[in-house]
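Thanks for coming, everyone. I have one structure to walk through today. Let me put it on the screen.

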Amino acid sequence: MEFLRQHQLNIMLILIGICGILAFFVSITKTLSKKRRQALFSLELGAMFLLIFDRFAYIYRGDISSTGYWMVRISNFFVFFLSLTILHAFNSYLVDLFRTEAGYKNCPVRLRICKVITVLGIASLIVSQFTDFYYYFDEQNRYVRGDGIFLSYAFPFLVLFLDFSIIIQYRKKFRKLISLPLIIFSIIPIVATIVQLFAYGVSLTNIACVGMAIILYIFSLIDLNVKVESVKQREIEILKEEQKKMLVLFEQTATALANAIDAKDEYTHGHSMRVAEYALQIAQEADKDEKYCSEVYFAGLLHDVGKIGVPSSIINKDGKLTDEEFAEIKKHPVIGKQILSSIDKSPYLSIAANYHHERYDGRGYPQGLKGDDIPEIARIIAVADAYDAMTSKRSYRDPIPQDKVREEIVKGMGYQFDPDFASKMLHLIDLDTEYNMKEKEQVPELAGKNELVCDENSSVYSEGLRITEEITRFKMCCKVQDGFELEDAQFTLVLFDSLDGRVHFNDAQTKETLFTEFAEISFDGTAIKKDARKIKVETTEADGNDIAPTTTIDNSASFADAFKSGINFEGEAVKYLDHVLITLRCKYKTAKITVALMDNSRFAYLSLTGARCCFSNVEFIKTNEIITKDYIPRIAEEVSYINGPEGDIPNIQIDGWRSASSEAFLVSDGMTVSFHSKSLPTARLIWHCPFVTLFYADDKIPEGKNFMEFVCIRIDGENWEDNKVAENTITINKNESFDGWPAWKEMNKKGFDCTVHFHRHGNKITVTTENGGIAIKSVTIIKEEPPEVYAVLTGDQCVITNIKISR
């Protein structure tokens, strides 16, 4: 308190300057309501003059000159008067808040009472100037408290108390940045007033009021900024919403146009949409930003818009096109450019349409551009367009099996396709283990209605459903066609494998797709073994109400009669390695059919077929339930092709794409790894060979804790890298001993010895190897060097034996 007495005049001077500046800023503020601006201006200006007169009162205290005489009296009067004026301004501020922020037309009655008390306080102050009731001055011209000094404090005290009660009651109506300073403004002056009554010679109340006036302005400013930011954010959200709506409208328009284009060709329905999806995925794999990926998608949707200008007779011609007809087809990129060039806000659309038939080797059309001279967006769409063309049905062929499509893309790298984007497409193919990236062609009878009708000697088969380690459940109703008995009908599940997941009995198609039929399973619980190694059927009876198994077999007529009116079946299918388990249940019996396939590397598909029957309400459900090896009891020994010697770590058999891997070994400078590799009998493709993977994981297991894969190098020369954690450069040279890919595949069939050399210098790892005339050098630079780098041997449909590690 003594410190305040000594320095209060300097403190007042500082606060006077602050209040003056704030009053100026309030006067030029345009974002506040007029009445609130007036209230704040009066508050800050009143606070400034309050301290000016209070300071004069202290300066001229005890000055017996004529100037001192008048200054002391005038100053003290205005100190009391302005204190009440500030409270009046504060009440006006509250009134505006209630009307503008809280939405009250009529303010609380207590605010009106406060105005009355303020007027009475001013009147009492004027009367006291003639009665010396509040204060008087002694012969030394010094301020002396009168008998009514407590009444002078009672008026502001009562106003503040009423204000405080109002603020507490209605605080939830206001934002915190508004209610908090209001509470502070009400409490602090009350406390200061109480202290002031007992602390003579210190202007504690006045300084507190002025301080609160400053705080009130600061919080108002902060609240205003928050409000402006909120409005700005809302405007941004509205703008984004409008942009989203415009994007949706643009997408719907582009999709409608793309569908109209595809409708011209009965064999390319959905082509533009699929190309857009594939192109988008390629761009995402290439780590392109969201805006660019969106552009790639829309460019893919409209890449064939120029076909509008090509006669339908040419587009839908079944046979081979003449030179003149092909010349007409080749015009569609230029026509597409002309159509889309009018969309000047999206120039990428016309660019993609014009150049998507250019080839990387310069042999494309319409301009014969080469390499990077072809716009990037067109190079992406060229890969996606070619992939969909190969995986879609045409008038002269069925969709090409995905692994053959992959091989065609490999052959086209650097010739037809940009190698970088072609490699991204290859990675997408490798991830698509169930061949979902293709035209979805369902059997017409099953489409839409979930119904399959098989007439006498019918050759209708549903599209194959891939059976994996994830349990697939199914439901359907089986019914014999009218006029036939159960013994005349057939309800069959075909268990098979083929490259395209479809049933084939045409010799040419069987050979082309490597179709293999493992078994035919009847819904009466019997099964016929075809090319499977072994079949085991277990049939149990149910009680007619549910599917709980019992111990006897029911061959009663009621089971046969049920097929005439329709009988509901449910079941599940699952595969683990070389065993398939299919369960069929109805209210009469349960059948479990276990099938041992020829080896682990075979795929398994299920297809519905029959004769003189109808399947309705067909539903297949993927459950996300992954089984363990004990789920299917073995009926035959596992087929193993590991018959070579074992080296420093165990041998491995890899039945599918990276389905198994060797024990991890630490990469060190100068390390050499040698092994013997042989492809499995089912292997037929270039990449059915060993791979070398560099990675890090806390537990040294691929896909383990904190797993990071730096590169996967295939011995055929391909590699896959994660650009987020490493930068990779791979150099492939085919020397004189390379006799072509057929010879390469034959070498893998017979088996070969491979040696891989590793060199590590910090975060740079170089891997070299040469096999069958293909010399590979892979340089990996890890962006953030991990504690250790490990390597494993893996691959696709091959056996790796006699693994030796030399350091």
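Start at Pro366. Pro366 sits in the loop between helix H13, 347-355, and helix H14, 376-391. The peptide bond from Tyr365 to Pro366 is cis. Its omega is near 15°. Most peptide bonds are trans, and most residues other than glycine have a negative phi.

This is a predicted model, so keep confidence in mind. The mean pLDDT of the protein is 84. Of its residues, 90% reach 70 or more. Over residues 442-448, though, the pLDDT is below 50. That stretch has 15 contacts in the model beyond near neighbours in sequence. Then there is 546-557, where pLDDT also stays under 50. For those residues the model has 24 contacts beyond four places in sequence.

Now back to backbone angles. Take Asn141. Its phi is near 60°, a positive value in a residue other than glycine. Asn141 lies in the loop between strand E1, 135-137, and strand E2, 143-145. Is Asn141 buried or exposed? Buried: the relative accessibility of Asn141 is 4%, and under 20% counts as buried.

Gln797 is another case. Phi of Gln797 is near 50°, again positive in a residue other than glycine. Gln797 is in the loop between E25 and strand E26, 798-806. Gln797 is buried, with a relative accessible area of 8%.

Next, helix packing. Two packed helices are described by the angle between their axes and the distance between the axes. The pair here is H8, residues 271-285, and H16, residues 419-431. They pack at an angle of about 105°, with axes 9 Å apart. That makes H8 roughly perpendicular to H16, because 65 to 115 degrees counts as roughly perpendicular. Which residues make the contact? From H8: Tyr278, Gln281, Ile282 and Glu285. From H16: Phe421, Lys424, Met425, His427 and Leu428. By class, the contact of H8 with H16 has five nonpolar, two polar and two charged residues.

On to the sheets. Seven strands form an open sheet. The order is E3-E14-E5-E10-E11-E12-E9, and the pairing is antiparallel. Which strands stand at the edges? Strand E3, 452-454, and strand E9, 534-541. Each has a single partner strand, so one side of each is left without a neighbour in the sheet. The twist averages 20° from one strand to the next.

E3 pairs with strand E14, residues 613-626, in the antiparallel sense over three bridges. The bridge partner of Val453 in E14 is Cys614.

Move to E11, residues 579-585, where we find Ile582. Ile582 counts as buried, at 0% relative accessibility. What does Ile582 touch, leaving out residues up to four places away in sequence? The answer is Leu493, Leu495, Ile521, Glu572, Ala573, Ala591, Lys592, Ile593 and Leu606. For a sense of distance, compare Ile582 with Ala102. They are 480 residues apart in sequence and 68 Å apart in space, C-alpha to C-alpha.

Next is strand E18, residues 690-696. E18 is mostly covered: seven of its seven residues are buried. In a regular strand the side chains alternate between the two faces of the sheet. In E18, Pro690, Val692, Leu694 and Tyr696 point one way. Phe691, Thr693 and Phe695 point the other way. Residues on both sides are buried.

Who are the partners of E18? Strand E25, residues 790-795, is joined to E18 by six bridges, running antiparallel. There, Thr693 has Val792 of E25 as its bridge partner. Strand E19, residues 708-714, also pairs with E18 in the antiparallel sense, over six bridges. In that pairing, Leu694 has Val711 of E19 as its bridge partner.

Last stop: E24, residues 774-782. Nine bridges join E24 to strand E21, residues 726-734, and the two run antiparallel. Ala726 stands opposite Ile782 in E24. Strand E23, residues 764-771, is joined to E24 by eight bridges, again antiparallel. Ile765 has Thr780 of E24 as its bridge partner. How many residues lie between E23 and E24 in their hairpin? Two. Gly772, in the turn, has a positive phi of about 60°.

That is the tour. I'm happy to go back to any part of it.

Technical notes:
Residues numbered from 1 in each chain as written. Predicted model: local features only at pLDDT ≥ 70, side-chain atom pairs only at ≥ 80, totals over all residues. Heavy atoms only, no water. Axes fitted to C-alpha atoms, helices over the stretch in contact; angles between N-to-C directions. Helix = DSSP H or I, 4+ residues; strand = E, 2+ residues; numbered from the N terminus. Parallel < 35°, antiparallel > 145°, perpendicular 65-115°, else oblique. Contact = heavy atoms within 4.5 Å. Nonpolar A, V, L, I, M, F, W, Y, C, P; charged D, E, K, R; others polar. Pairing = 2+ DSSP bridges. pLDDT = per-residue confidence, 0-100. Buried < 20%, exposed > 50% of the residue type's maximum accessible area, 1.4 Å probe, protein only.
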